[in-house]
Amino acid sequence: MTAPQFWIAGAGGVGREALDTALAAGVPVTGFLDDRARGTTVRGLPVRAPEDLPAGARYLVGIADPAVRQRLAALLDAAGGEPAVLVHPRALIAPETELAPGCLVMGGAYVSSSVRLGRHSQVHYNATVGHDAVLGERVTVYPGGNVSGSVRLADGATVGSNAVVLQGRSVGPGAFVGAAAVVTRDVAAGAVVVGSPARPLGGPAAARP
């Protein structure tokens with residue numbers, strides 16, 4: 001029986017890193033889905049429009065922006081696609097951890113015990129997620145990000161490169177933790193926080209005690 005096709009949505013940087021992850025894991029990739037590059041080839045693979053995904057094909061959205069990830073996933077689901085989980089062989093996934101469909105875990109990442117990753121979440125290379133953390137849908141942890149134990153990252157939250165979210169903190173929906181920030185207090189929905197300790201960037205206070 002022929003294995004279903006596997007497509008990566010997005011032919012930019014994260015999409016190509018997803019391809020690297022697939023190659024390392026021995027997962028054959030059929031091509032990319034990207035409106036901007038349709039009709040070309042990237043890394044020797046054809047690029048089609050997202051709506052051209054064959055029904056029943058597997059896919060992974062290799063795009064960092066959570067809102068774009070949401071839109072593309074909805075389009076590909078409507079086309080009959082099946083979101084796949086892609087994990088680099090040099091990532092460590094501890095026991096009792098759940099990865100929902102569409103998750104991407106890159107090389108060098110460590111996802112600890114009893115963690116839950118929601119649909120279409122991404123843990124980039126050399127990032128860590130501590131025990132009992134819960135990541136909602138379309139969460140992004142950029143390279144070197146450190147999410148401590150029992151942290152809650154709501155849908156669409158982003159943890160920047162080398163940022164730290166301390167034990168038991170929560171980051172609200174759509175919030176963005178800037179690179180190298182240290183989150184010592186909960187972060188409100190939609191807030192952008194920077195620095196150590198992390199504080200809201202412009203506008204009213206978005207972090208609460």
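Modeller: Arg 119 is partly exposed, because its relative accessibility is 29%; this class lies between buried (under 20% relative accessible area) and exposed (over 50%), computed with a 1.4 Å probe on protein chains only. The model is a predicted one, in which local features need pLDDT of at least 70 and side-chain atom pairs count only at pLDDT 80 or more, whereas totals for chains, interfaces and linings use all residues. Residues are numbered from 1 along each chain as its sequence is written, and side-chain values use heavy atoms, with hydrogens and water left out.

The side chain of Arg 119 meets that of Asp 77 in a salt bridge, at 3.8 Å from N to O. Arg 119 belongs to the loop between E12 and E13, and Asp 77 to helix H2, so the pair ties together parts that are 42 residues apart in sequence. A salt bridge here is a side-chain nitrogen of Lys or Arg within 4 Å of a carboxyl oxygen of Asp or Glu. Helices (H or I, at least four residues) and strands (E, at least two) are DSSP runs, numbered from the N terminus. Asp 77 is likewise partly exposed, since its relative accessible area is 32%.

On the loop side, His 120 also lies between E12 and strand E13 (122-123). His 120 has a positive phi of about 60° although it is not a glycine, and it is buried, with a relative accessible area of 6%. Ser 114 has a positive phi of about 60° as well, again without being a glycine. That serine is placed in the loop between strand E11 (110-111) and strand E12 (116-117), and at 25% relative accessibility it counts as partly exposed.

On the helix side, H2 spans residues 66-78 and lies across strand E1 (6-9), strand E2 (31-33), E5 and E6, running at about 170° to E5. Contact means heavy atoms within 4.5 Å; axes are lines fitted to C-alpha atoms, for helices over the stretch in contact, with angles from 0 to 180 degrees between N-to-C directions. These strands belong to an open sheet of six, ordered E3-E4-E2-E1-E5-E6, with mixed pairing. Its edge strands are E3 (41-42) and E6 (82-83), each of which pairs on one side only. Two strands pair if DSSP finds at least two bridges between them. Strand E5 (residues 58-61) pairs with E6 in the parallel sense over two bridges, and Arg 58 has Glu 82 in E6 as its bridge partner.

For context, the structure holds five salt bridges. Among them, Arg 43 and Asp 20 meet at 2.7 Å, N to O. This pair links distant parts of the chain, 23 residues apart: Arg 43 is in the loop between E3 and strand E4 (45-48), and Asp 20 is in helix H1 (residues 13-25). Arg 43 is partly exposed at 46% relative accessibility, and Asp 20 is partly exposed at 36%. Another salt bridge joins the side chains of Arg 36 and Asp 34, at 3.9 Å from N to O. Here Arg 36 counts as exposed, at 77% relative accessibility, whereas Asp 34 is buried, with a relative accessible area of 10%.
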